Amino acid sequence: MDLPINKEEFDEIVDSLCNEHWDWNKREFRSKLYQKMKLVKEVMDENPDGHYKKILREQHSIIA
C-alpha cells in the first residue's frame, strides 16, 4: 500500500509507536503493530534501492 508520506515521516510514526507515554488500552495491538512497522522500516533502510516490497512479500508475507 502506498501512503502519502515520505520515508522520514514513516520513520517518525514507527518511532512514536514505542513511546511509553501513549496511554492505549490495547497495548498488545500496539506492540504487534510496532513490531511489524519496525520490520518494514528496517527492510526499507537496508534496501534504499526500492526492492523492499518484494523482500517483505517473499520473506515475511507482508504486502507493503
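Author: A nonpolar core is a set of buried Ala, Val, Leu, Ile, Met, Phe, Trp, Tyr and Cys residues joined through side-chain atoms within 4.5 Å. The model discussed here is predicted.

Reader: Which residues make up the largest nonpolar core?

Author: The largest nonpolar core has eleven residues: Phe10, Val14, Leu17, Tyr34, Met37, Val40, Val43, Met44, Tyr52, Leu56 and Ile62. Two or more of its residues come from each of helix 1 (7–17), helix 2 and helix 3 (52–60). Helix 2 supplies the largest share of this core, five residues.

Reader: Why is Lys41 called buried?

Author: The relative accessible area of Lys41 is 18%. Buried means under 20%, and therefore Lys41 counts as buried. Lys41 lies in helix 2 (residues 27–46).

Reader: What does Lys41 touch, leaving aside residues up to four places away in sequence?

Author: With those residues not counted, Lys41 touches Lys7, Phe10, Asp11, Val14 and Asp15.

Reader: What makes Arg30 a buried residue?

Author: Arg30 has a relative accessible area of 6%. The cut-off for buried is under 20%, so Arg30 is buried. Arg30 is found in helix 2. The C-alpha atoms of Arg30 and Leu17 are separated by 7.1 Å, and these two residues are 13 residues apart along the chain.

Reader: How many of the chain's elements are helices, and how many are strands?

Author: The protein chain has three helices and zero strands. Along the sequence, the pattern reads α-α-α.

Reader: What percentage of the residues of the protein chain count as buried?

Author: Of its 64 residues, 23% count as buried.

Conventions: Residues are numbered from 1 along each chain as its sequence is written. This is a predicted model: local features need pLDDT of at least 70, side-chain atom pairs count only at pLDDT 80 or more; totals for chains, interfaces and linings use all residues. Side-chain values use heavy atoms; hydrogens and water are left out. Helices (H or I, at least four residues) and strands (E, at least two) are DSSP runs, numbered from the N terminus. Buried means under 20% relative accessible area, exposed over 50%, partly exposed in between (1.4 Å probe, protein chains only). Contact means heavy atoms within 4.5 Å.
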